[in-house]
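User: I would like to learn how to read a few local features in a model. Please take them one at a time, with the general idea before the case.

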Amino acid sequence: MKQSRTFIPTMREIPTDADIISHQLLLRAGYIRQHMSGVYSYLPLAKKVLRKIEAIIRDEMEAIDAVELFMPTLQQSDLWIETGRWDTYGDELFRLQDRHERQMALGPTHEEVITSLVRDEVKSYKKLPLTVYQIQTKFRDEKRPRFGLLRGREFIMKDAYSFHSTEDSLEDKYNEMMLAYSNIFTRLGLNFRAVIADGGTIGGNGTHEFMALSDIGEDTIAYSDSSSYAANIEMAEVNVDYAKSKETLKEIVKVDTPGIRTIDEVASFLKIEPSKVIKTLIFKVDGTLAVILSRGDHDINEIKLKNALQAKDISLASEQEIEEMLSCKAGSIGPVKLPLDLKVYADYAVQSVVNGVCGANEEDRHLMNVNPERDFAIERYFDLRFIQEGDPSPDGNGTIRFAKGIELGHIFKLGTTYSQPMKATYLDDNGKSQPFIMGCYGIGVSRILAAVAEQHNDENGLKWPKQLSPFDVHLVTINMKDEAQKNLSDQLYHLLKSYRYDILHDDRDERAGVKFTDADLIGVPVRLTIGKKAQDGIVEVRFRETGESVEWQKEEVTEKLQAYFG
Ligand code: 9G3
């Protein structure tokens with residue numbers, strides 16, 4: 001490809017509204033341009049990288065018998081009404097009407113569409129298992145699009161759906177997808193972890209996310225420093241044997257704590273460790289108030305609480321609701337002498353508190369030497385707290401560390417979550433009608449482009465892994481008007497093309513400095529420079545990854561490139 005004929009609008013200045021390196025570099029190197037907030041154009045270089053990412057995904061999907069199809073972006077509302085999601089999704093769902101005022105949506109995902117398609121076309125268990133996928137643009141009206149392609153309102157997703165007649169068959173496909181995803185992210189050259197994740201609102205008994213490790217990642221991963229255990233912090237279970245101190249139980253004492261509100265204020269005022277404080281929170285659980293206790297040095301994980309209480313809706317009670325019920329402020333509430341109808345649940349760590357401190361349910365008063373079971377009843381203990389760095393790994397192997405991650409893949413066991421409400425059934429081997437058992441599996445394709453750029457760059461620009469680079473070789477001719485340079489360039493161009501290399505030839509009438517700066521920004525792994533030494537048949541070679549420069553005789557270029565590309 002002649003660079004003088006392509007479309008690569010590089011920029012020198014750093015764009016002000018791009019606050020992560022991948023977003024800055026993809027803009028500066030002429031890969032993407034913003035159309036509007038959260039919506040991007042992929043320019044020729046990005047399109048070539050996307051094509052390579054998709055090729056790796058297609059290869060791994062085919063290897064596990066997933067077949068590619070392509071579903072509509074426009075989705076009729078009827079299907080979303082069948083599953084109840086037309087109402088549960090709010091502003092994030094792009095809704096529109098056609099000229100006949102029929103309600104529809106721009107597809108954010110395709111569970112309803114694929115389930116209705118399979119419902120109509122697959123009638124017998126003999127046709128199962130069936131796994132289909134597509135690579136397609138999705139629309140989600142994010143409230144705050146940010147970080148360029150990482151959180152857009154229009155993005156490219158690979159979404160796969162599998163249909164089964166047994167849980168075992170789903171389990172098998174789910175495990176095959178786990179492996180296929182590991183292959184994909186490995187082949188993409190990404191540093192990633194497969195983490196245990198929460199199924200979120202779509203239910204399903206178990207899901208995994210695939211996270212690219214990155215400091216700008218929005219998710220926190222809890223992983224063990226000496227095993228493969230890794231979980232999204234929202235789901236990481238806590239498995240700790242809390243040591244119970246041997247100190248004798250003392251009599252409760254009420255103390256004045258004027259203006260003392262937070263755990264740290266209580267701890268420093270009463271000269272005790274935060275772990276001796278019993279933190280009392282009031283939650284509204286499906287409309288009913290409940291008291292949730294944790295140790296003062298821990299935080300309640302609302303996803304765990306919701307799952308533990310099997311609640312549909314959960315939220316912290318408001319100040320006003322607390323004052324109505326306990327006639328004191330949130331900073332002075334405690335579990336002792338509560339109205340009887342209030343249920344008290346606690347994280348396991350509370351069990352180990354001896355002679356603890358808690359609010360007295362009176363303004364500016366706390367109780368000391370409070371002991372669970374003796375001074376207040378607990379309905380049930382659960383694992384409710386967020387895991388913390390330094391906790392033992394739940395698998396008993398090593399210690400927990402935190403890392404930030406960018407979610408690039410998410411796979412789910414759906415069961416009959418969609419087939420049941422949509423009455424999507426097949427006839428089993430007894431001729432009995434059964435709902436399909438389903439799985440769904442997503443990969444953020446455009447997000448991968450940004451994640452790879454985030455993990456592969458330096459201060460001069462992008463540094464693509466060989467297998468993803470928009471071109472194999474960047475052939476830079478210093479001066480196309482120079483006979484020797486032009487001849488050697490054309491000779492090499494055609495020779496390398498015949499060896500199936502994909503070449504970007506910088507044939508522009510620009511200064512050398514401009515060409516080199518652009519080449520470093522664009523990030524093709526090998527740069528061959530044709531300059532003054534062309535008449536001696538010498539090519540200057542520079543490897544983008546290491547910055548290393550060498551000189552090759554023109555006769556050895558193909559064999560040396562083959563050695564480099566393997
Ligand atoms: C919506 C909107 C946003 C959404 C969804 C629906 C996320 C929604 C979850 C999934 C689950 C999997 C198949 C591929 C992998 C992910 N955001 N999800 O269902 F209407 Cl506006 O999409 N779907």
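User: How many residues lie between β5 and β6 in their hairpin, and which residue in the turn has a positive phi?

Analyst: Strands (E, at least two residues) and helices (H or I, at least four) are DSSP runs numbered from the N terminus, and two strands pair if DSSP finds at least two bridges between them. Here β5 and β6 form a hairpin with five residues between them, and Glu101 in the turn has a positive phi of about 65°. The pairing of β5 (residues 95-97) with β6 is antiparallel, over three bridges, and Arg95 stands opposite Ala105. This is a predicted model, in which local features need pLDDT of at least 70, side-chain atom pairs count only at pLDDT 80 or more, and totals for chains, interfaces and linings use all residues. Residues are numbered from 1 along each chain as its sequence is written, and side-chain values use heavy atoms, without hydrogens and water.

User: Is Asn355 buried or exposed?

Analyst: Buried means under 20% relative accessible area, exposed over 50%, and partly exposed in between (1.4 Å probe, protein chains only). Asn355 counts as buried because its relative accessibility is 6%. Ser327, at 64%, counts as exposed.

User: Which residues are closest to the ligand?

Analyst: A residue is near a molecule if one of its heavy atoms lies within 4 Å of it. The ligand is surrounded by 17 residues, and the closest are Trp80, Arg85, Thr109, Glu111 and Arg140. Polar contacts are pairs of N or O atoms within 3.5 Å. A ligand nitrogen is 2.6 Å from a side-chain N or O atom of Glu111, and a polar side-chain atom of Thr109 lies 2.8 Å from a ligand nitrogen. For Arg140, a side-chain N or O atom is 3.0 Å from a ligand oxygen.

Terms used:
Polar contact = N/O pair within 3.5 Å; in protein donor to acceptor, adjacent residues only side chain to side chain.
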